[in-house]
Amino acid sequence: MSMPALSSHDASEITSADAEAQAGFAAAARLAAWRRRLLPLAAVIALLVLWELGVMIFKIRPFIAPAPTAVAMTLYGKLGMLLGNLLPTAIEAVAGFLIGNSAAILLATTFVYQRTAEEALFPIAVMFHTIPVMAYAPILVLLLGNGLEAKVAIAALICFFPTLVNMTRGLRSVSSQQMELMRILSATPSEIFFKLRLKSSLPYLFSALKIASATSVIGAIVGEWIGATTGIGALIIQATYNFDSPLLYATIVVGSAFSAAFFAVISWLERYFLKWNVAQTA
Amino acid sequence: MSIMSQTTVLDRTPVRDESLAVRLQDVTVRFPTERGVVTALERVSLTIPSGGFLTLLGPSGCGKSTLLRVVSDLIPATSGQVEVLGTTAAAARARRDIGFVFQDASLLAWRTALENVQLPLEVGGRSKRGGARDARELLALVGLTGWENAYPHELSGGMRQRVAIARALINDPKLLLMDEPFGALDEIKRDRLNEELLRVWEETGATILFVTHSIYEAAFLGQQVMLMAARPGRVREIVPVDLPSPRRVALRETPQFIALAAHLRTVLEAC
């Protein structure tokens, strides 16, 4: 933490033994940081090597389980085609993410100001949430056709509920003393909303957005399973039917790499906007 | 010693007295609850002279916080008269003449110390007055020079409460209401902040109404201590405090202070 030193005279009292202990402590902290990064990486490499060896030793046929090297070869050889199929999936996921979360934020705001709306609509939202994606996906494809719209709608719906619940709770996470403070200051309703409620809700919103960044990709892929000629979902189905396991695995790698990147972007935004949040800075 | 003699002399004439910062006459506050109507305050009368320092002392549930909220127009009085700075509580609040310091500092976590102090200047635009104080100067006044850009989570509990005091002072209020502001602090910090509060009080010339459940704090800070009894919340006694000024923490070891504290304790225990 970069704090102005209040007791700078203490610094002169630090003896060389203290400095040594301090250096030792810093070294231990650096080592711990490297361990946190390197251990998972080592575990992943070990698993891949075991997998490769297992495929070789037990002579497993490629269409049942391809060796990691075979997957890597496909990834390299068909990267253009894979990325070409990632593009529609990414568009659907991001569009669904934006639409679903915007709708959830708007509805949560309505809930906070109109209790009646919450009482009337929240049970319906819960009911919808209990329907599995796989069940309502075909309905949306029937309703919206075979194009982008149905997939966007599925991705939006899958994002919607967690954000609605979190955002409603976030907007209400204002303490009664903070509300009293705003009243003493004669704050207008819009000042209370933008300067107090919205800011208080951001940590809740971002934890929902992080969930949504992963689920929106799932929504888009599920939508493509039902009926699509391009996209990660369509490619998964084709590769499975053709017993092209290396392609199937490579497709999954591309899909999850995109999910991880999406998640990383949201996490970065969270750190940027929530610098003040204790949980983030600690 | 009792308030009763004072109020009978003072009232009957509903003249608005500018030399009084706060005047409550027979103020009663009732709330409907699940277990029936609760009387939070019953016929409470009190006056605070302009520039005075009144501490409110009493057991929990005696309506101390309710009283502060009636004076600051957060809760309406069910009956009785409320006069704040020569006008109604609502008008005094709208004029930005009232500063409030809460039990927890209630800082906005996403604002730095300086930005928290400046919050009152950014909201309630139309009611803003000209005479706002400089936020950096106020932070210096409460001993937080060098911490302007620290976020609340980087500050200790005592420092957060100092920021809250600076925030309450930004509009240069004539009346400062404090609701157990140091209740969550350890004794040493509390002592230090008590001394500093007296310094701030002398420097700003504001009237202070201070709620506490600490006998020592009430006696140390107040020019008068108002003792309250619970269920229903009512005034028990108003005790004038004749202690030399400026007051330092060592004052608490003097026989005069010990006798005063003993008297307050006796009255409280009889509540």
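Author: Start with strands and helices: both are DSSP runs, numbered from the N terminus, with at least four residues of H or I for a helix and at least two of E for a strand. Two strands pair if DSSP finds at least two bridges between them. This is a predicted model, where local features need pLDDT of at least 70, side-chain atom pairs count only at pLDDT 80 or more, and totals for chains, interfaces and linings use all residues. Residues are numbered from 1 along each chain as its sequence is written, while chains are lettered from A and ligands numbered from 1 in the order in which they are written.

Reader: How do you know that β8(B) pairs with β9(B)?

Author: Six bridges join β8 (residues 224–229) of chain B to β9(B), and pairing takes at least two. The two strands run antiparallel. One bridge links B:Q224 to B:P240 in β9(B).

Reader: What lies between β8(B) and β9(B) in the hairpin?

Author: Four residues lie between the two strands. B:R231 in the turn has a positive phi of about 45 degrees.

Reader: Why are B:L260, B:L264 and B:L268 called buried?

Author: A residue is buried if 20 or more other C-beta atoms lie within 10 Å of its own, exposed if 12 or fewer, and partly exposed in between; C-beta atoms are placed from the backbone. These three residues of α9(B) are buried. Seen down the axis of α9(B), its buried residues fall within an arc of 75 degrees, so they line one face. That arc is taken from the directions from the helix axis to the C-beta atoms. The face turned away carries exposed residues, including B:R265 and B:E269.

Reader: How does the span of α9(B) compare with the expected one?

Author: The rule is 1.5 Å times one less than the number of residues. Helix α9 (residues 255–270) of chain B has 16 residues and reaches 23 Å, close to the expected 22 Å.

Reader: What makes chain B as compact as a globular protein of its length?

Author: Chain B has nine helices and nine strands. Its radius of gyration (over C-alpha atoms) is set against 2.2 Å times the number of residues to the power 0.38. The radius is 18 Å, close to the 18 Å that the rule gives for 271 residues, so the label holds. Buried residues make up 45% of the chain.
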